[in-house]
Structures are given as structure tokens and as C-alpha cells.
Amino acid sequence: MKIGGEIKRIYPEEQEEIVEQEKTVTMDVINPIFAIGFKDKVAGKENLVKKHIAIEIILYMLLGKSSKTYKKLYENGDIMSQPDLDYEFAKNYAHILITGMAKNPQNVVKELKATIKEYKESGLNEEIFNRIKKKIYGDYVTEYNDVSNIARMFLADYFKGINSFDYLEEYDQVTTEYANQILKETFREDNMVVSIVKGE
């Protein structure tokens with residue numbers, strides 16, 4: 001008798017709409033914690049890596065340490081430190097997640113929305129785009145200096161159905177025109193959710 005074979009996993013179909021736009025809860029925390037998410041559609045396999053790189057660049061332009069929005073929020077005392085900026089995706093889901101601590105989370109949301117609107121109207125600044133693009137390329141290359149990082153990276157990418165070396169190959173394909181397209185398609189208010197945890 002033959003034992004084994006492929007294990008077929010059945011996942012529920014992910015709906016395109018968000019469930020709730022904003023949620024605020026009160027807990028025993030010293031400083032308010034926020035999470036801002038953008039629900040995304042899973043890109044076709046041929047565009048997964050290219051889209052991931054573009055979103056990373058956009059996120060750093062929006063709220064990276066060198067961004068004008070982060071500087072403004074930090075100088076006004078609205079935000080404690082640079083938020084974590086992540087793009088998570090698998091075969092059946094994808095989302096952008098911005099998390100951190102802020103004295104005034106609502107101001108962070110307000111300024112983020114204003115910056116996204118500005119970039120959609122005027123386009124991403126090419127000089128800043130290229131500077132951050134080079135930084136991200138440097139980060140990718142640095143990953144290969146650590147054996148544990150290589151193992152973690154290859155394993156995570158394997159389960160996403162991609163090759164880790166594709167990031168270095170796709171890097172040059174990411175242009176400001178492509179990033180502007182991703183900005184308009186993905187960073188939309190109708191697929192944006194905000195979660196805030198306030199102190200008691």
C-alpha cells in the first residue's frame with residue numbers, strides 16, 4: 001500500500017473588503033500604540049518581488065527616518081521613534097503594516113494620509129526615490145553576510161514561492177513610474193484600517 005502524497009491545504013477565500021476601518025481600545029499601556037494597515041491583492045507570481053521592492057521604497061519615503069513626514073511628527077512630539085514598516089504576503093493574502101508608539105496616533109494617521117495624497121498628485125520625488133532604492137539594495141546585499149539571515153530569508157521566501165536571488169535581479173526593474181502606479185493602486189483609504197491602543 002502506498003503511503004504519502006501531496007498534502008492539499010484548503011484556505012477560505014479572502015474577501016477584498018476590510019472588516020472595520022478604525023478600532024480603538026483602552027489597555028494598561030504607558031504610551032499609545034498604533035497599527036495602520038492597507039489590505040492588498042496578491043500580485044501575480046511574476047510581479048511579487050518587483051511589487052515588494054516598490055512598496056518598501058514607498059514606505060520609507062512615507063515614514064522612514066529621513067522622510068519629511070517622520071521628521072515633522074517627531075519634532076512635534078507626536079511620534080516616539082520610527083515605526084516598523086512591513087509588507088507581508090503569502091499565496092492567499094497580502095497587506096502593508098505600519099506599527100509604532102505615538103503620543104498622538106491620530107496625528108500620525110492624518111499626516112500619513114496627507115503625504116500619500118500629495119505623492120499621488122505630484123508623483124514620487126525621483127531623487128529621493130533613487131536614494132532609498134540604493135539603500136534597500138545595500139540592505140539586501142548585507143543580508144548575505146550572515147549565515148542565519150540567509151537561512152531565514154531563503155526559508156521564508158521558499159514558502160512564498162519565490163527565489164531570494166530574484167530581489168537582486170528585479171531591483172533595476174523598479175522605476176518611479178511603476179512605484180507611482182503601486183502607490184495609487186495599493187495605498188487607498190477604502191482599504192486602510194487603523195487600530196489604536198490607548199492608556200487607561
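1. Strands 2 and 4 run antiparallel and are joined by eight bridges; helices (H or I, at least four residues) and strands (E, at least two) are DSSP runs, numbered from the N terminus. In this pairing, Ile36 stands opposite Ile98 in strand 4. The model is predicted: local features need pLDDT of at least 70, side-chain atom pairs count only at pLDDT 80 or more, and totals for chains, interfaces and linings use all residues. Residues are numbered from 1 along each chain as its sequence is written, and side-chain values use heavy atoms, with hydrogens and water left out.

2. Five strands make up an open sheet of mixed pairing, in the order 1-5-2-4-3; two strands pair if DSSP finds at least two bridges between them. Strand 1 (22-27) and strand 3 (84-89) are the edge strands, each pairing on one side only.

3. Helix 3 (residues 105-122) has 18 residues and should span 26 Å at 1.5 Å a residue, which agrees with the 26 Å between its end C-alpha atoms; the expected span is 1.5 Å times one less than the number of residues. Its buried residues include Val108, Leu112 and Tyr119, where buried means under 20% relative accessible area, exposed over 50% and partly exposed in between (1.4 Å probe, protein chains only). Just after helix 3, Gly123 has a positive phi of about 85°.

4. Ile162 sits in the loop between helix 5 (147-160) and helix 6 (166-170). Ile162 is buried, at a relative accessible area of 10%. Beyond its neighbours within four places in sequence, Ile162 is in contact (heavy atoms within 4.5 Å) with Leu48, Val49, Phe89, Asp157 and Tyr167.
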